[in-house]
Amino acid sequence: MSETPTRIALITGASRGIGEASARLMAANGRHVVLAARGVEALEAIANDIETAGGKASVYKCDITDHQGLADLVEKVADDHGRLDILVNNAGITRDNLLLRMTDEEFDEGISCNLRAAFVTCRAAIRQMMRGKFGRIVNVSSVSGVIGNPGQANYAAAKSGLIGFTKTIAKEMASKKITANVVAPGFVETAMTNDLPQRVKDFATQVTPVGRFGKPEELAAAIDFLTSDAAAYITGQVLCVDGGMSM
């Protein structure tokens, strides 16, 4: 009986926050993690930690504003490692503004980086996964894409679109042993939320039933499970890891 090969997992936005925590946990659980982000220096430090702890990691530079570059990245990862088994689309941006003040450029940038970029990577990754007859896709959405959020019309539209997009992938790819799911974080302790004004942090805590921000490691646990062999019967689902905000 042949052994299950080490899964190759590409994680975008892996230089900090949820992406970094996911990479560390997935590596600890036996995956070869491919860390992708703009900040190569940060990625190399994380990869060094992972390898020092006995895990496997590789570093690739990527920019989610460069869609052709993203497609090329997926192809290169598959070529370099012989296949691609797991894709975690975690990288994203915010360009917050009230709707009446939001420019066309701000709206388009939010859609391009948070939705179209995932379309590009998923399309390229699925081709590789079909060859290996195995695939796990997790697209990181947001509670904003589930319930909306003032000042985030572009972000909420993209993250909501990501949910419908992922459910469609799940239906198209189920017979190919490829699953696709969404993890929707609420307010999480990351560099992005650390820069929020204190009044916003206080409000976020008040509207979160558990009364606190989430930790990147709590999101990583959900992503790690959904990308595991044990999650083969779970596809097309939205897992809100948001302290109860969306209930």
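Q: What makes R116, R123, R127 and R131 a patch of positive charge on the surface?
A: In this predicted model, R116, R123, R127 and R131 gather on the surface. Arg counts as positive. Like charges are joined into a patch within 9 Å, given over 30% relative accessible area and no salt bridge. So the four arginines are called a patch of positive charge.

Q: Where does R127 sit?
A: R127 is in helix α4, which covers residues 104-132.

Q: Why is R127 called partly exposed?
A: Its relative accessibility is 47%. Buried means under 20%, exposed means over 50%, and partly exposed lies in between. R127 therefore counts as partly exposed.

Q: How many salt bridges does the structure hold?
A: The structure holds nine.

Q: How do you know that D229 forms a salt bridge with R7?
A: The closest N and O atoms of D229 and R7 are 3.4 Å apart. The cut-off is 4 Å, from a side-chain nitrogen of Lys or Arg to a carboxyl oxygen of Asp or Glu. The pair therefore counts as a salt bridge.

Q: What does the pair of D229 and R7 tie together?
A: D229 lies in the loop between α9 (216-226) and β7 (238-241). R7 lies in the segment before β1 (8-12). So the pair ties together parts that are 222 residues apart in sequence.

Q: Is R7 buried or exposed?
A: R7 has a relative accessible area of 14%. Buried means under 20%, so R7 is buried.

Q: What makes D85 and R83 a salt bridge?
A: Their side chains meet at 2.9 Å, N to O. The limit is 4 Å, so the pair qualifies.

Q: Why is D85 called buried, and why is R83 called partly exposed?
A: D85 has a relative accessible area of 3%. That value is under 20%, so D85 is buried. R83 has 23%. That value falls between 20% and 50%, so R83 is partly exposed.

Q: How do you know that R95 forms a salt bridge with E109?
A: The closest N and O atoms of R95 and E109 are 3.2 Å apart. This is within 4 Å, so the pair is a salt bridge.

Q: Which parts does the pair of R95 and E109 tie together?
A: R95 lies in the loop between β4 (86-89) and α4, and E109 lies in helix α4. So the pair ties together parts that are 14 residues apart in sequence. R95 is partly exposed, at 34%. E109 is partly exposed too, at 29%.

Q: What joins E20, R24 and D49 into one network?
A: Salt bridges that share partners join E20, R24 and D49.

Methods: Residues numbered from 1 in each chain as written. Predicted model: local features only at pLDDT ≥ 70, side-chain atom pairs only at ≥ 80, totals over all residues. Heavy atoms only, no water. Patch = residues over 30% accessible without salt bridge, like charges linked within 9 Å, V, L, I, M, F, W, Y side chains within 5 Å. Areas by Shrake-Rupley, 256 points an atom, 1.4 Å probe, with all protein chains shown as cover. Charge placed at Lys NZ, Arg CZ, Asp CG, Glu CD. Helix = DSSP H or I, 4+ residues; strand = E, 2+ residues; numbered from the N terminus. Buried < 20%, exposed > 50% of the residue type's maximum accessible area, 1.4 Å probe, protein only.
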